[in-house]
Amino acid sequence: MIAFPEISDERRMEMLAPQPGRARVVIDTDAANEVDDQFAITWGLLSPERLDIEAIVAAPFSRAYFREPLLAAARADVEDSTAGEVDDIAAWLHRLRAAGIEPEDVEFETTAEGMELSFAEIGTLMGLLGMSSDGMAFRGADRFMESPGDIVDSEGARRIIEAAMADDDRLLHVVAIGALTNIAAALLMEPEIINRMVVSWTSGFPTFVGFSNSPSMNLVQDQHASRLLFDSGVPLLYLPGYYIGEQLVMSLPESERWVDGRGEIGSYLHYLYTHNRLRTQRLVEPFPGQSWVCWDFINFAWLIDPTWVPTMFLPTPTLDEDLIWQHYPGRPLMSEATDVDRDAVFRDFFSKLDQHSKTVDKLPQGVGLAPPDTACC
């Protein structure tokens, strides 16, 4: 195991404290995975008063780990379930069979394809905002780690190192809204960066929960990288998805009222909301009361206004083989979110999107790219 520099708890608390002015930010994102990344990245790019975004790195992703549970459910001939609108395997199997689709025929993107889709999506988002992705968007890893010390080198991982080691008095904030492969590679290649950056990551359950974090896609895809984040000692803001981030629910009527038509980017985001690639894969049709969790807003919320995301300091846990939190004395401190002000977050996002649309309406037509005519996946 690589020896990482030691940081005192006092210094760690200073690094994790809210800072005035504009924060230096690198975003690491599986932007094409579903739809929340696109909303969150747009909010970040529309918040230059607080965020100095220096790079956006494409993280790898693949939902292929669902293949075996789906096939196992088919072999067991499980009964239909109404327990989960999207994630319940039995309900998904029932919908497939009703549509005459064999579970073996469900297609999943490879890890490399997921990264490339995300890289392209970053360019699309920036184009729709009238921004250039040249020198801003970087490809990340094309696979996950295969062992604890496996370095999956990429231009994105090296860009994280470059940003962290830059001659700037401000700390770098790495906003991690996907699997951690790129960040783990950067940590392993240049351990010194833990003295110069903070990582905020959304995934899993709060650390007081005593059961497996295996439902968390961000955490389960690259388990070596997930464990490294908690064992490296890098100053960490942990933002639990379940119970905390999942409060960031947006309804279809809200998207229709406050997102659709707000410039080309607003129309595209609404298109993504109504053509969610995950719902398409799971054969989930629109229904009354439909909503979606914009999990990744929480990382940006803390940077834009820390009062919207209350946090507390506590010893960093570890993840055991079953992805259950384990707590040991003497571990370094980290910061963990305990709540999120959902209404404040959406008020700010909708307001900035509206202001952007009023600005671009005054510009010549044709800024950015038009939303695609075909489905997003």
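Predicted model: local features only at pLDDT ≥ 70, side-chain atom pairs only at ≥ 80, totals over all residues.

Reader: What radius of gyration does the protein have, and why does it agree with a compact globule?
Author: The C-alpha atoms fill a box of roughly 60 × 60 × 35 Å along the principal axes. For 377 residues, a compact globule would have a radius of gyration near 21 Å. The protein agrees with that because its own value is 20 Å.

Reader: Among contacts between residues at least 6 apart in sequence, how many, in percent, join residues at least 24 apart?
Author: The protein has 14 helices and 12 strands. Counting contacts between residues at least 6 apart in sequence, the share that joins residues at least 24 apart is 79%.

Reader: Which residues touch the most other members of the largest nonpolar core?
Author: This core holds 105 residues. Its largest share, 7 residues, comes from helix α13 (residues 297-304). The residues that touch the most other members are F39, M197 and F297.

Reader: Which residues is F39 in contact with, leaving aside its neighbours within four places in sequence?
Author: Contact here requires heavy atoms within 4.5 Å. With the neighbours within four places set aside, F39 is in contact with M250, V259, L269, Y273, C294, F297 and F349.

Reader: Is L96 buried or exposed?
Author: L96 lies in helix α4 (residues 89-98). Beyond four places in sequence, L96 touches L70, I101, P103, V106 and L283. Its relative accessibility is 2%, so L96 counts as buried.

Reader: Where does N182 lie, and is N182 buried or exposed?
Author: N182 is found in helix α7 (residues 181-189). Its contacts beyond four places in sequence include D28, P60, G140, S154 and I160. Because its relative accessible area is 0%, N182 is buried.

Reader: How far apart are the centres of the positive and negative side chains?
Author: The protein exposes about 15,700 Å², of which carbon and sulfur atoms supply 52%. There are 28 positive and 60 negative side chains. The centres of the two sets are separated by 4 Å.

Terms used:
Residues numbered from 1 in each chain as written. Heavy atoms only, no water. Helix = DSSP H or I, 4+ residues; strand = E, 2+ residues; numbered from the N terminus. Buried < 20%, exposed > 50% of the residue type's maximum accessible area, 1.4 Å probe, protein only. Rg over C-alpha atoms; globule rule 2.2 N^0.38 Å. Areas by Shrake-Rupley, 256 points an atom, 1.4 Å probe, with all protein chains shown as cover. Lys, Arg positive; Asp, Glu negative; His and termini not counted. Charge placed at Lys NZ, Arg CZ, Asp CG, Glu CD. Core = buried A, V, L, I, M, F, W, Y, C linked by side-chain atoms within 4.5 Å.
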